[in-house]
Amino acid sequence: MKGVRLITNLRFIVDNNVGKLAKWLRIMGYDTLFFDGSDDSRMIAIALAEGRVILTRDTQIMRRRVVTNGRLKAILIQGDEPEQQIRQVIDTLNLDCRFMPFAICLECNQPLLERSREQVKDLVPPYVFQTQSQYMECPACHRIYWRGTHWQAMTKKLEKFRRGSAGENIDKKRTIEES
Ligand SMILES: [Zn+2]
């Protein structure tokens, strides 16, 4: 086993049987590939080549030698519900010390670029333009992101998971400063 990988370097590949995890991990700022194939060997090859942690419900993958000997990290996801699943990942890898929303495109996993209000003026609905000042754009799909209600709902849920993971006494102030 290698030493402990810096948590900021964590990257994931999500099997299609736990595909909803991709969005959650991206919203947390983690580079996360969604593997939409059926060839396990291909997924394992990508994970090894790119240093990604595999998230899967497939017990076969957990029996592969590269996984059992520790060369490749894989997590067998237990729950049926996406929220249970992300909670398992947060708990297993202690992900609560890094939380960087607004960094990665939720659809295509590209790092987002900052955009000024003027730059997005004609690209977002008028009510958004009036109420939001911070925008990000995906360089690949050109989706524009802002902290709308859907976003807030997801980040609130994540906050709740983190508090659950860290117990009652989480130091909220510190967490905000780190994010
Ligand atoms: Zn995109």
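**Reading a sheet, a buried charge and a helix**

Tutor: In this predicted model, strand E5 and strand E6, the latter covering residues 135-137, run antiparallel to one another and are joined over three bridges.

Student: Which residue stands opposite methionine 136 of E6?

Tutor: Glutamate 114 takes that place, facing methionine 136.

Student: In what order do the strands of this open sheet lie?

Tutor: The order is E5-E6-E7, three strands with antiparallel pairing. Strand E5 (113-115) and strand E7 (144-145) form the edges, since each of them pairs on one side only.

Student: How should I read aspartate 15, and is it buried or exposed?

Tutor: A salt bridge requires a side-chain nitrogen of Lys or Arg within 4 Å of a carboxyl oxygen of Asp or Glu. Aspartate 15, which belongs to strand E1 (residues 12-15), is buried and yet has no salt bridge, for the nearest side chain of opposite charge, that of arginine 57, is 9.4 Å away.

Student: Which residues does aspartate 15 touch, leaving aside those up to four places away in sequence?

Tutor: Its contacts are Phe34, Phe35, Met43, Leu55, Thr56, Asp58 and Ile61.

Student: What span does helix H5 reach, and what is expected at 1.5 Å a residue?

Tutor: Helix H5 (residues 82-93) has 12 residues, and from its first C-alpha to its last it reaches 17 Å, which is close to the expected 16 Å.

Student: Which residues of H5 are buried, and what follows the helix?

Tutor: The buried residues of H5 are Gln85, Ile86, Gln88, Val89, Ile90 and Leu93, while the residue that follows H5 is asparagine 94, with a positive phi near 55°.

How values were computed
Residues are numbered from 1 along each chain as its sequence is written. This is a predicted model: local features need pLDDT of at least 70, side-chain atom pairs count only at pLDDT 80 or more; totals for chains, interfaces and linings use all residues. Side-chain values use heavy atoms; hydrogens and water are left out. Two strands pair if DSSP finds at least two bridges between them. Helices (H or I, at least four residues) and strands (E, at least two) are DSSP runs, numbered from the N terminus. Buried means under 20% relative accessible area, exposed over 50%, partly exposed in between (1.4 Å probe, protein chains only). Lys and Arg count as positive and Asp and Glu as negative; His and the chain ends are not counted. Contact means heavy atoms within 4.5 Å. The expected span of a helix is 1.5 Å times one less than its number of residues.
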